Amino acid sequence: MLTTITILAVSAACIWDVRTGRIPNLLTFPAILLGFIANAVLSGTTGVENSFLGMLAGAGLLLIPFAFGGMGAGDVKMLAMVGAINGPGFVFRTFLFGAVAGGVAAVGIALWKRRLWMVLSNSLMALASLGNHIVSLRRGQPAGGSLGSMVTSGVRFPYGVAMFAGTIAAYLVRW
């Protein structure tokens, strides 16, 4: 039952993201609620706790990339949705497989658009800037600049596709 709910919800989010560049609340919030209800029916209080922890883990894993402008809020809610349905262990695997799929897609798109050097150099500058922010904060100094301005590339694609791939891989490869 949880697998069916997940595949349907993630497929719909992926298709919506490809067509519109957005993943709507109208899709993610009901699916999150359905995850809580299904887990409550299947496992009682433990299922609700698992849904809650999975939702928090899913949102938390993408919060920093979202803060950096690397993805939209719909992507964060999509991974929270996967976590609410399947729990924290599954959402972590989905995140890892999705990150690999997203990285491969980004490099492929960068090569196709002949922007690979720009993507790599922007990524290195963003990492260096992040390091400077961390050092400044540890010294108790205000960090200059905005972390939100450190977008690592001009290569954009619907990340819902990468999370769809990550979800399928997480079902196929269990450890």
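Modeller: First a term: contact, or touching, means heavy atoms within 4.5 Å. This is a predicted model, in which local features need pLDDT of at least 70 and side-chain atom pairs count only at pLDDT 80 or more, while totals for chains, interfaces and linings use all residues. Residues are numbered from 1 along each chain as its sequence is written, and side-chain values use heavy atoms, with hydrogens and water left out.

Colleague: What does Met 81 touch, not counting residues up to four places away in sequence?

Modeller: Met 81 touches Ala 9, Val 10, Leu 27, Thr 28, Ala 31 and Ile 32.

Colleague: Which residues of the largest nonpolar core touch the most other members?

Modeller: They are Ile 32, Leu 62, Met 78, Met 81 and Met 163, in a core of 27 residues. A nonpolar core is a set of buried Ala, Val, Leu, Ile, Met, Phe, Trp, Tyr and Cys residues joined through side-chain atoms within 4.5 Å. Buried means under 20% relative accessible area, exposed over 50%, and partly exposed in between, with a 1.4 Å probe and protein chains only.

Colleague: Which helix gives the most to this core?

Modeller: Helix 3 does, with eight residues. Helices are DSSP runs of H or I with at least four residues, numbered from the N terminus.

Colleague: Turning to Asn 86, is that residue buried or exposed?

Modeller: Asn 86 is buried, with a relative accessible area of 16%, and is found in helix 3. Its side chain makes a polar contact with the side chain of Thr 6 at 2.8 Å. A polar contact is a pair of N or O atoms within 3.5 Å; within protein, one must be able to donate a hydrogen and the other to accept it, and residues adjacent in sequence count only if both atoms are side-chain atoms.

Colleague: What else is Asn 86 in contact with, leaving aside neighbours within four places in sequence?

Modeller: Besides Thr 6, Asn 86 is in contact with Leu 2, Asn 50 and Tyr 171.

Colleague: And helix 1: which of its residues are buried?

Modeller: Ile 5, Thr 6, Ala 9, Val 10, Ala 13, Cys 14 and Asp 17 are buried.

Colleague: What covers them?

Modeller: The cover includes helix 2, helix 3 and helix 6. The face of helix 1 turned away from the buried side carries the exposed residues Leu 8 and Arg 19.

Technical notes:
Helices (H or I, at least four residues) and strands (E, at least two) are DSSP runs, numbered from the N terminus.
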